[in-house]
Amino acid sequence: MDFTGLFSHFGELTTTGLAQGAIYALVALGYTLVYGVLRLINFAHSEVFISGAFAAIWTWSMLGLNQDSKVSGFGSILLYLLIAMVVAALASALAATVIERVAYRPLRRRNAPPLAFLITAIGASITISEAFGIFTRRLPQGVPNLVSNEPLFHIAGTPIRVMEVLIIGAALLMMVGLDTFINRTRFGRGIRAVAQDPDTAALMGVNRDRTILLVFIAGGTMAGVAGLLYDIRIGAVTYSVGFLLGLKAFTAAVLGGIGNLRGALLGGLLLGLVENYASELFGSQWKDFAAFAVLVVLLMFRPTGLLGESLGRARA
């Protein structure tokens, strides 16, 4: 165990861990939204994330940028990021809509058992992932150099980089926006009503199918933004990256209390920190082990997760 390395690099490990955890948290929101309403683990959500990640890269490519491009000027950088973010969010929202319409809605109308939903989710995930693997081999997968990795400022000697500030700030803004939407708007009240008691919500005039579709769209939008942030942090994307990242995002949702929006945020940030600290202590090969080991240990003592409050009982 390298405690010396952990203490000497604690600040930098914390900031990079929070940046990675913010991406996990955004993806985890999709898992927790769908579970909160349908009691369904949407394993195809990792491919919704991949849809956004690829859409952002292809958008930059159509705008004339490639992995060797360097963009200068704050206005130009911001414009490229905003355009790609909108396209990524729309692409992931569309992918989530197709999955809900094609894979899950027919099962709901036939009152299929939960096992059928689970098998369908896994099948949809593998199908979409393999489709990306086939059709994206000759398409751009590298990210242009848009965001500097230079220090923006220092806190107690720890450099806080532009990229980390952008990722954490954007993720927090998206999560605050989603939390406000769920807890403060009429559509959000409909989502919480369906999550708490779908039959009573239907009697009160809430359109269940429309509400469920809205949940998938909201979760897809978060995953699309996460895909963009992943692109600029890692610098490239492959069709298979969604599998492990999706599992970790699901782990983050369970850590915080699946069905709880604020729990997804807490779980994602915690998971990112645990991974980074474990990598420094034991070596990078222990990173994934530590992430899932923490989940197992926590659930032994707190099966409902850290916050453990369902979407249907969420308070404003």
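Analyst: Happy to. D209 forms a salt bridge with R109, with the closest N and O atoms 3.7 Å apart. The pair joins distant parts of the chain, D209 in helix 9 (residues 208-234) and R109 in helix 4 (residues 74-109), 100 residues apart. This is a predicted model, where local features need pLDDT of at least 70 and side-chain atom pairs count only at pLDDT 80 or more, while totals for chains, interfaces and linings use all residues. Residues are numbered from 1 along each chain as its sequence is written, and side-chain values use heavy atoms, leaving out hydrogens and water.

User: Why is the pair D209 and R109 called a salt bridge?

Analyst: The term asks for a side-chain nitrogen of Lys or Arg within 4 Å of a carboxyl oxygen of Asp or Glu. The closest N and O atoms of D209 and R109 are 3.7 Å apart, so the pair qualifies.

User: What makes R109 count as exposed or buried?

Analyst: Buried means under 20% relative accessible area, exposed over 50%, and partly exposed in between (1.4 Å probe, protein chains only). R109 has 58% relative accessibility, so R109 is exposed. D209, at 25%, is partly exposed.

User: And how do you know which label K248 gets?

Analyst: K248 has a relative accessible area of 3%, so K248 is buried. Its salt-bridge partner is D288, at 2.4 Å, N to O. D288 counts as partly exposed because its relative accessibility is 27%.

Technical notes. Helix = DSSP H or I, 4+ residues; strand = E, 2+ residues; numbered from the N terminus.
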